[in-house]
Amino acid sequence: MADTTKTATLTIDGESYELPMHSPTAGPDVVDIRKLYGQAGVFTYDPGFTSTASCDSTITYIDGDAGILTHRGYPIDQLAGKSHYLEVCFLLLYGYLPKAEELEAFETTVTRHTMIHEQMHNFFRGFRRDAHPMATMVGVVGAMSAFYHDSTDISDERQREIASFRLIAKMPTIAAMAYKYSIGQPFVYPRNDLDYAANFLHMCFSVPAEEYHVDPILARAMDRIFTLHADHEQNASTSTVRLASSSGANPFACVAAGIACLWGPAHGGANQACLEMLKEIGTPDQIPEYIARAKDKNDPFRLMGFGHRVYKNFDPRAKVMKQSADEVLDLLGVDDNPTLQVAKELEKAALDDPYFTEKKLFPNVDFYSGIILEAMGFPTSMFTPIFALSRTVGWVSQWKEQLSDPQMKIGRPRQLYQGADLRDYVDIENR
Ligand code: SDX
């Protein structure tokens, strides 16, 4: 932690308390309140953690006002344009860009961990065919702790590393199996001769009855989507993984908790909700009605894929995703995609409206991703599982970082109690 001699003074009922401050590499200073309750007998109050730093981290930095996202200091647009997902995984896990031989060794290791224990296939058959793939992923990933006992001891550095490899490698296999099961097609085993993104497309879209050739441009677009979703500081699902891990839970249980949190429509579920919203709008002439609903305080409707807790400018991932949408649709010869047309018109209408500009609501990572994924052949139910498999490296990197943090302790927030005062039990005959 970058320390400073700066302090903050808090005065309560005439009593002053000096609180140390810490300065980061980038971003706002923090006021260290760890001793506040012991000194002043008060809690701080921050539902939703809008002004709270939960940890130190060296992995990802977001400048919400400038619309900047960096992983280990490298801007996301450069990584999306010049790197590829497994190299970004190495960067997130180890903190530096690998040399060629290091990258090759890492990719070989991940490739050789892509199969899942054959007995785990039985789990899928216990679900209804129409189960949402996220339900299947939560269940199967949690069940990994019942199969990979040799990588659940979080006190063992090597076991932590093997668990990381297994989670990153097996998530696409599990997501693809959840998809295949939901459409009644046979599972497709991973292939070691395909790269990470091509392997996922192959496991999703190939069938035993015929050869399936992965289009390298689609594989590149898929890989870029993985990269754009890899990590994002202390978002809700990453904070869930960190909180679960703080109790000493095994990595598979922690990531299953992260998947469950990501599923929500306010978080990773927004990509599915956004495409469904764009289809419900249907045509550009319907946009004003939906803009009005999004602005109406009495209407719970929100523009899905819009707004962000941290970004008060364009989400840099949305910019790259928008370019990718044009490229993929052009490649697929889908030149008059009505959904993309509605998305672009909706973005323009919203950004011309003071309600959105004054509240600094811009398109986020989920606004365009669904258009690409649908064009690639995925049903909307697979959008969030793809987000989950992409984010696994972020969850795992943050999980590893927390375990090596000497300050780590179990996460246990307090509360502002507004309930009943102390009172005696009343027997039922006297109520
Ligand atoms: C992700 O945290 C991360 O990093 C997440 C993520 C990641 O990579 O991990 O970036 C991925 O989850 C992206 C966000 C996906 N979710 C959505 O697209 C769902 C729609 N967006 C909103 O629900 C909302 O913007 C959130 C949840 C994303 C952020 O909510 P906040 O920061 O708690 O903001 P808020 O709800 O307090 O809203 C502030 C104001 C409110 O109006 P007032 O009460 O101040 O008058 O803005 C309004 C809100 O009503 N508002 C919206 C809106 N989002 C916020 N109004 C209309 N449409 C929207 N989308």
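Predicted model: local features only at pLDDT ≥ 70, side-chain atom pairs only at ≥ 80, totals over all residues.
Figure 1. Two or more lining residues come from each of α4 (100–111), α7 (157–182), α8 (196–205) and α9 (216–228). By residue class, the lining has ten nonpolar, five polar and four charged residues.

**Figure 2. The largest cavity and its lining.** One cavity of 30 Å³ or more is found in a search of the whole structure. The volume of the largest cavity is about 70 Å³. Its lining consists of Met115, Ile116, Glu118, His121, Thr173, Met177, Phe187, Val188, Tyr189 and Pro190. Seven of these lining residues are nonpolar, two are polar and one is charged.

**Figure 3. The hairpin of β4 and β5.** Strand β4 (residues 60–63) and strand β5 (residues 68–71) run antiparallel and are joined by four bridges. One of the residue pairs to look for is Thr60 with its bridge partner in β5, His71. Four residues lie between the two strands, and in this hairpin Gly67 has a positive phi near 70 degrees. In a regular strand, side chains alternate between the two faces of the sheet.

**Figure 4. The hairpin of β5 and β6.** Strand β5 also pairs with strand β6 (residues 74–75), in the antiparallel sense and over two bridges. His71 has Tyr74 as its bridge partner in β6. Here two residues lie between the strands, and Arg72 takes a positive phi near 55 degrees.

**Figure 5. Cys55 and Cys89, with the cysteines whose sulfurs are closest to theirs.** A disulfide is a covalent bond that links the sulfur atoms of two cysteines. The structure has zero disulfides. Cys55 is in none, and the nearest cysteine sulfur, in Cys254, is 14 Å away. Cys55 is partly exposed, its relative accessible area being 26%. A disulfide would need the two sulfur atoms to be within 2.5 Å. Cys89 is buried, with a relative accessible area of 0%.

Key: Residues numbered from 1 in each chain as written. Heavy atoms only, no water. Nonpolar A, V, L, I, M, F, W, Y, C, P; charged D, E, K, R; others polar. Buried < 20%, exposed > 50% of the residue type's maximum accessible area, 1.4 Å probe, protein only. 1 Å grid on protein atoms, 1.4 Å probe; cavity = no way out; pocket = protein on both sides within 12 Å on 5 of 7 lines; lining within 4 Å. Points joined across faces, edges and corners; volume = space filled by probe spheres on them. Pairing = 2+ DSSP bridges.
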